[in-house]
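Here's a quick tour of one protein model. Have a look at the sequence and coordinates first, then read on.

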Amino acid sequence: MAGSARSGATRGGGQDPLSEYRRRRDFARTAEPEGRGGSAEPAGPEGRGGSAEPAGPEGPLFVIQHHVARREHYDLRLEVDGVLKSWAVPKGPSTDPGEKRLAVPTEDHPIDYAEFEGSIPAGDYGGGTMLVWDTGTYANTTAKKGRRMTMAEGLAHGHVSFELHGQKLTGRFALNRFRSGENGEEEAWLLVKQRDAAADPRRDPVSAEPQSVRTGRVIDEVAEAEGRTLKGRPREEGGR
Ligand code: MN
């Protein structure tokens with residue numbers, strides 16, 4: 001496969017980190033944000049996501065978007081160095097430290113994507129419906145042998161941990177890479193809740209709290225508002 005089109009979606013190439021994001025979309029068709037390029041307000045040499053300081057309201061952004069496309073999943077995005085690093089999590093996050101959730105990296109997204117809620121045209125990349133399932137800020141808690149690492153360093157190493165300050169999710173989570181993607185297979189990570197006061201094996205936020213934190217709507221209501229139906233949803237069997 002000489003000249004493979006594999007782009008290494010999560011690897012920085014030293015170029016515009018959003019070129020892959022833009023290449024995949026036709027902004028004359030989709031309402032998704034085109035993105036303004038890099039961070040509008042870098043807060044230091046490492047960027048906003050590079051800080052190891054505790055995040056308050058000023059911390060880097062995180063968002064988790066419920067996305068019903070060809071396959072239903074949850075997109076976890078963390079602001080790092082002016083873009084949203086992104087993973088598709090088929091089962092969504094768990095608050096049970098015993099539950100590891102597959103997280104497949106996708107292309108970097110622009111910061112303003114964190115507010116996107118609506119429909120993507122059927123047949124287009126990511127075609128379907130999306131809502132903002134949770135959002136807030138996070139603090140980078142990544143360390144190796146007691147030494148703090150930036151998010152960028154941790155991502156390159158294949159391990160990051162971070163404390164979420166969301167409306168549904170709080171406390172520490174980790175992302176651990178278990179497949180590098182270097183041998184032609186799909187790069188893959190595992191998202192897992194760390195043991196802390198916010199850990200709760202009995203809670204199931206994905207099913208118990210399905211609504212958008214922006215608008216209070218559930219995914220079917222977002223789709224209906226845009227005159228769409230969701231293919232493959234249990235209550236719409238046979239329909240198209
Ligand atoms: Mn998605």
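This is a predicted model: local features need pLDDT of at least 70, side-chain atom pairs count only at pLDDT 80 or more; totals for chains, interfaces and linings use all residues.

The chain averages a pLDDT of 86, and 80% of the residues score at least 70.

Two stretches need some care. Over residues 38-55, pLDDT stays under 50, and the model has 33 contacts there beyond four places in sequence. Residues 234-240 also stay under 50, with seven such contacts.

His73 and Asp75 are both buried.

## Aromatic pairs

There are six aromatic pairs in the structure. Take Trp87 and Trp189: their ring centres are 5.9 Å apart and their planes sit at 75 degrees, so this pair is edge-to-face. Trp87 belongs to strand 3 (residues 83-89) and Trp189 to strand 11 (residues 188-193), so the pair ties together parts 102 residues apart in sequence. Trp87 is buried at 2% relative accessible area, and Trp189 is buried at 2% too.

Tyr138 and Phe162 make another edge-to-face pair, 6.2 Å centre to centre with 75 degrees between the planes. This one links strand 6 (residues 128-140) with strand 9 (residues 159-166), the two residues being 24 apart. Both Tyr138 and Phe162 are buried.

## Other ring contacts

Tyr21, Phe27, Tyr113 and Phe116 form one aromatic cluster. Elsewhere, Lys193 places its charged end over the ring of Phe173, 5.1 Å from the ring centre.

Technical notes: Residues are numbered from 1 along each chain as its sequence is written. Side-chain values use heavy atoms; hydrogens and water are left out. Buried means under 20% relative accessible area, exposed over 50%, partly exposed in between (1.4 Å probe, protein chains only). pLDDT is the predictor's confidence in each residue, from 0 to 100. Contact means heavy atoms within 4.5 Å. Rings of Phe, Tyr and Trp (its six-membered ring) pair if their centres lie within 6.5 Å; planes under 30 degrees apart count as stacked, over 60 as edge-to-face and the rest as tilted. Helices (H or I, at least four residues) and strands (E, at least two) are DSSP runs, numbered from the N terminus. A charge sits over a ring if NZ of Lys or CZ of Arg is within 6 Å of the ring centre and within 35 degrees of the ring normal.
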